[in-house]
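Here are my notes on the model you sent. Please read them with the coordinates open.

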Amino acid sequence: METKYISKNGLNEWFSQIVKSGKRVYAPVEERGKVEFKKVQALSEVAEEYIQTTQSIKSAVFPRAEVLFSYEKENGQVKVEDFNPDTVKETVLWKVHPCDAAGFKPLTAIFNWDYTDKLYNAHLEKTTLVTFSCAKADKSCFCTSVNGGPGNTSGSDVLLTMLPDGGAIVEILTPKGEALVQLAASAFEDDKGEDKSKYLADVPLAFDLEEVRARLATAFDSPVWKEQSERCLGCGACAFVCPTCACFDIQEDAHGSKGKRIRCWDSCGFSLFTLHTSGHNPRAVQSQRWRQRILHKFSYMPDRLSVFGCTGCGRCSRACPVDMNILEHITSITKK
Amino acid sequence: MNNNNSEFEPKIVAFVCNWCTYAGADLTGTSRLKYATNVKIVRFPCTGRIDFMLLLKAFAQGADGVIVSGCHPNDCHYTSGNFHARRRWITFRGLLDFMGIDVSRIQYSWVSAAEGAKWADIVNTTVANIRELGPYTEYQKVADYLDKEDYNG
Amino acid sequence: MDKLREKAAALLADGTVTMVLGYEEGTNKPRPLFCHTAEQASKLVYSSQCINNLAVYLTKKEIMGAGKVAIIATIPTLRSILQLSVENQLNEDNLVVITVTDKDEVKQFANFAEIEAYIADFQLKLDGKEQEIITKLEGMSREERFKFWMEEMSHCFKCYACRAACPLCYCTKCIVEENRPQWINPWAAPLANMEWQINRAMHMAGRCTGCGACGDACPVGIPIHLLTRKMMEDLAPEFGFTPGQPSKNGNALSTWKADDKENFIR
Amino acid sequence: MSEQNIYLPYLMTIDKITNEAPGVRTFKLKFQSEEEANAFNFKAGQFGEYSAFGEGESTFCIASSPTRKGYIECTFRETGKVTSGLAALEEGSTMGFRGPFGNTFPMDDWKGKSLVFIAGGIALPPMRCVIQNALDLRENFKDITIVYGAKSVNDLVYKDELKEWAERPDVNLVTTVDPGGETPDWKGEIGFVPTVVEKTAPSPENTIAIVCGPPIMIKFTFPVLEKLGFKDDQIYTTLENRMKCGVGKCGRCNVGKLYVCKDGPVFSKEQLNDIPAEEY
């Protein structure tokens, strides 16, 4: 771990070197009234005045639809072509927030629980995160309540904290980060000893995470799930914008003798998620599905993978058509 | 026949109703009338059974043009199949046009069992129009999204 | 707002209804509220900010339960209620419909006919942003329109919030949940997303009341409500319907007229 | 590092197809690659994901015993998209298999005990794997009782194997059909499995009971076993939740915090008691 300083021009220089190196660079771009991650070529395209992108950047390592393998059938026999990791390009995720970077830990935990996921790991290996600390936050942010914070380094390769002079404090955190810095080593100067916490957003602590986990351990039959989920419409918006939701469906894209087995995003909010062919559905009503979402992130994952499935980014609350505010719901569980 | 498209042979799919147009096409054959072989005919009990999505499925899998044809109004073997179909085509055509899908590649027609000549003419003109318009690559390109290399993310 | 709260509390207290469906203050704007007790009615709010279409809950058995339910309806919700009643989805005597008029009076409708009369003089009009997009689209060439929609559709990640928020999307098994055949690809890809939206728009043809709930619900901001809206406005004159008003003699695509006009069938 | 793609199935050839009952088939599968065949081993109770290329994957247990080398078997009913795709395959065609997944029946701890197998309908396949395994190591176990029921005589699966078990002196086989499902020359019991279990009244003394069947059958069999004196740690069953990946990633098969594909499918009744019943 090494701390440095980079000036405004240094940033421009470094960014153009990254682009010149042929890596794909994704950064938040304001378009169609939304700020989303998009491939960029110049620093000028990167959005400035915004709190949070609508979607997380998990699609860089866990795309919304990807080919697990393809195959071709010839007179009863089948030729299979496996996923080729070389097709994954070097990628830099520029101006990610700490809650996005922190999301990679639970994702990696799920995708490497006993069996390792070749596709996920191939993407992660070629991805470098340049995270920017948060100078602003809003009512939906609660990273500080889930072991995170506006300046948290977890999951990042390089963490920049912007300074009033347009430069930034640079924390180089991993070998990947070091390698990326080396693309324009001269742009980096020695640490100026700036106090990083002065430039971080204020995100008040909303609840005690361990208390939430303890209460949830016995909350399976509590009426809270029905009360909270009455207005939930059962769509997948919360799961798909979430940086840590990793549930997926496996489908088949077959045309004639050729076909591909596809992995695509799925959500525990849908009834089809657990429907048996016999018609029996263990989670037939929305309150059971809302319970599964909360218990999985705040109880099952910590128990089984010792990592929480939430980074407090607040995207699910902002994206929800009926304002299912997870911060409000979790806080009310601690007050029950 | 314009020369730059001379080697392009349009692929046309025709969704036709069994009682009128399919019989009309038979008549075209028995009357020895020639018509372009680019068309692949799919037989339906009635135009009322032609799901609008089939047209899109045809384009997605390589068709450059589509013909949809059935009994004239009041001739329907099931009395109102073609009336329902007409409303569906009016609605669907408006929606496709609003979304920018090339509705000029879809030829709707009424062809009775006696109009063998009309059927041959419809097929020939449609093939000529589509040859003029060229392959519908714009749509097919979108269809094979997962084949492209950098689709993910 | 107080008159509304007193009304709701009274309905709950004297047992006329088992639940009052309304709005409460949310994080940034009002959100649906289910009052089961008179006390909960004190949280009810009503303003132009109430944009969720509460009619979406009227066809959910697990929410409505067996008792009589009151619903506080905005103009778009009233239109949806009428369309649902024309489609035999509502039991009139199990539903108390309340609205707040422009003069801030609480009005309880005696029956659906009274609702129809009430909303007749509320014109359905596109707001500025929507009209702007529609004029822009109509100015485009076909290729540009296709490019516009393909770009929009590439953002969709198939969360189905549009389907979930629409009061008229109440099928027990949606076409996307059928897998024999898998008519619409379940994964998110531009073509699959477009096929999904075309299917949704066609299934809304002549039924959509232009409430805009689908467009509001889309987390990535695709103007999908314009598809169903444009259909509604184009179809109405073609088949003799009035936009936003349900027809008494069946929906556009389930009925026909011998003299339906068109100019493209040879 | 060329990591192994856990979603890539082994290529299998269908060696033999047996029609067990209307719509129910058993496939005998052989690995197309010799090397994979030799490297493959599994334990009783484990399941796999079976691929019908062009349709998708389905989850079934491995119905043959690990003691019978060189092949694996699976039995399925043609109900959905994939099973219809599988049913359309003929002997000699290729399909896919991923596995073995999940935990196993703890057969080593059962040495010296009596075994009571209780199965209903097409849930005999997960049991048959254990029964064959036990019969191949018959000396390890005291007496073996099998109570197997189906809707009707024609719905009974593994008909020839049932005959084989019936003739064995060291196996007490009781077959039953639901009332009305019997044929004129039917010699077995008539009645639902729970009532037949009560009638057979296996002694709980140093015995393990394995129960597999539709949820309704399990719901009524457990109390019967309790009445007969079986403790919760003497009863085992398998759970069948919706599955896609089979390796604990796709997030859909959990019952409370246990994943049926990793912590199951085999569960003791003791374990079932502290997981929420409504989640399976």
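This is a predicted model: local features need pLDDT of at least 70, side-chain atom pairs count only at pLDDT 80 or more; totals for chains, interfaces and linings use all residues.

The points below go from strands and sheets to the core, the domains and the chain contacts.

1. Local features are taken only where pLDDT is at least 70. Side-chain atom pairs count only at pLDDT 80 or more. Totals for chains, interfaces and linings use all residues, so please read those totals with that in mind.

2. Strand E2 of chain A. Start with residues 24-31 of chain A, strand E2. On one hand, E2(A) runs parallel to strand E6 (residues 91-96) of chain A, joined by 3 bridges. Arg24(A) is placed opposite Thr91(A) of E6(A). On the other, E2(A) pairs with strand E3 (residues 34-39) of chain A. That pairing is antiparallel and has 6 bridges. Within it, Val29(A) has Glu36(A) as its bridge partner.

3. Strand E1 (residues 12-17) of chain B and E2(B) run parallel, with 6 bridges between them. Val16(B) faces Arg43(B) of E2(B) across this pairing.

4. The nonpolar core. The largest one holds 307 residues. Which members touch the most others? They are Leu95(B), Val20(C), Ile71(C), Ala161(C), Ala165(C), Ile118(D) and Ile210(D). Take Ile210(D) and set aside its neighbours within four places in sequence. Its contacts are then Phe105(D), Leu115(D), Phe117(D), Ile118(D), Met127(D), Val130(D) and Tyr236(D).

5. Two domains in chain D. The domain assignment gives domain 1 (10-101) and domain 2 (107-238). Their centres, taken over C-alpha atoms, are 24 Å apart. Contacts involve 16 residues of domain 1 and 17 residues of domain 2. On the domain 1 side, strand E1 (10-21) and strand E5 (72-77) of chain D each give at least two residues. That side has 8 nonpolar, 5 polar and 3 charged residues.

6. Chain B against chain C. Here 32 residues of chain B contact 33 residues of chain C. On the chain B side, helix H2 (52-60), helix H3 (81-99), E4 and helix H5 (137-143) each give two or more residues. H3(B) has the largest share, 13 residues. By class, the chain B side counts 19 nonpolar, 7 polar and 6 charged residues.

7. Chain A against chain D. In this pair, 41 residues of chain A are in contact with 33 residues of chain D. Elements giving two or more residues on the chain A side include strand E4 (65-74), strand E5 (77-82), helix H2 (98-111) and helix H8 (286-305) of chain A. Strand E11 (248-255) of chain A is also among them. E11(A) gives the most, 6 residues. The chain A side divides into 21 nonpolar, 10 polar and 10 charged residues.

How values were computed
Residues are numbered from 1 along each chain as its sequence is written. Chains are lettered from A and ligands numbered from 1 in the order in which they are written. Two strands pair if DSSP finds at least two bridges between them. Helices (H or I, at least four residues) and strands (E, at least two) are DSSP runs, numbered from the N terminus. A nonpolar core is a set of buried Ala, Val, Leu, Ile, Met, Phe, Trp, Tyr and Cys residues joined through C-beta atoms within 7 Å. A residue is buried if 20 or more other C-beta atoms lie within 10 Å of its own, exposed if 12 or fewer, and partly exposed in between; C-beta atoms are placed from the backbone. Two residues are in contact if their C-beta atoms, placed from the backbone, lie within 7 Å. Domain bounds come from an automatic or database domain assignment. Ala, Val, Leu, Ile, Met, Phe, Trp, Tyr, Cys and Pro count as nonpolar, Asp, Glu, Lys and Arg as charged, and the others, Gly among them, as polar.
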